[in-house]
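Dear colleague,

Please find below the structure that I am handing over to you, together with its sequence. My findings on its charged pairs and on one further residue follow.

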Amino acid sequence: MKSVRFGKIKTQKYAMRESLRALKTNIQFCGDDIRTIVVTSAVPNEGKSTVTFDLAKSLSESGKRVLLIDTDMRKSVFVGRLRAATTDGGEIYGLSHFLSGQKRLEDVLYGTDAPGMFMIFAGPSVPNPTEILEKQYFGDLLKFAKEHFNYVLLDCAPIGAAIDAAAIAKHCDGAILVIAQGMASGRLILNVKRQLEASGVRVLGAVLNKVKMKKNSYEGGYYGGYYGGYGGYGSEDEDT
């Protein structure tokens, strides 16, 4: 297994660290049977990839073995945003290579410079991501992951834009929705929640992201996000 190093991880602010700690604690209190977690959003640009990465890193800092799988084979961001590079200078292979049979699991599984944290990147974009995620290779991958890691976090394409997350969720123990302030309506969020539940996954709660703390400013994460409350949803007639 090869390793990657990251060239772009900024120091988090205190409020951000505390919110991540609360999120991590709430996940742990969901029970030891919640180990594979899909993270998605209603629409693009709500910060789900940032939340997934920081949560994985936070869990690994608690002594857990964590695998982050980037399943967004439509618009992956991790390699570029993190400036990820292999320690030997070679090409980074990803999930699409594995699911298409081009590479073995050991070729796409990477250790990171965050102890206890491992990653599988998305790999090149494919024209049929939902179809390729339905292959037995993906089920075998998650079976392996559950046997070797304490937590498996799966970053997915926004469920309001693609059905990939619903296809993935049926293999997972729980789901988290990332909701950016002012991005999606309450009705759309509830529809996304219903889609996840229809797949049979337990919706654990939501992360309120990019919360506007005062006029014309955001409490900054390294992509401009703030990790807010974690919990359930309001009544079905809410649309705000």
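Lys170 forms a salt bridge with Glu134, with 3.0 Å between the closest N and O atoms; the term denotes a side-chain nitrogen of Lys or Arg within 4 Å of a carboxyl oxygen of Asp or Glu. This pair connects distant parts of the chain, 36 residues apart: Lys170 lies in the loop between α8 (164-169) and β8 (174-180), and Glu134 in the loop between α6 (129-133) and α7 (136-148). Helices (H or I, at least four residues) and strands (E, at least two) are DSSP runs, numbered from the N terminus. Lys170 is partly exposed at 46% relative accessibility, and Glu134 is partly exposed at 43%. Here, buried means under 20% relative accessible area, exposed over 50%, and partly exposed in between (1.4 Å probe, protein chains only).

Please note that this is a predicted model, in which local features need pLDDT of at least 70 and side-chain atom pairs count only at pLDDT 80 or more, while totals for chains, interfaces and linings use all residues. Residues are numbered from 1 along each chain as its sequence is written, and side-chain values use heavy atoms, with hydrogens and water left out.

In total, the structure holds eleven salt bridges. Side chains of opposite charge can pair when their charged atoms come close. Two further pairs each lie within a helix. In helix α1 (residues 14-28), Glu18 and Arg21 are three residues apart, about one turn of the helix, and the closest N and O atoms of their salt bridge are 2.2 Å apart. Glu18 has a relative accessible area of 31% and is partly exposed, as is Arg21 at 41%.

In helix α9 (residues 186-198), Glu197 forms a salt bridge with Lys193, the closest N and O atoms being 3.0 Å apart. The two residues are four positions apart, about one helical turn. Glu197 is partly exposed at 37% relative accessibility, whereas Lys193 counts as buried at 19%.

A network of salt bridges links Lys48, Asp72 and Asp155.

Finally, Val201 is located in the loop between α9 and β9 (202-209) and is buried, with a relative accessible area of 5%. Leaving aside residues up to four places away in sequence, Val201 touches Ala169, Cys172, Asp173, Gly174, Ala175 and Leu196, a contact being heavy atoms within 4.5 Å.

Yours sincerely
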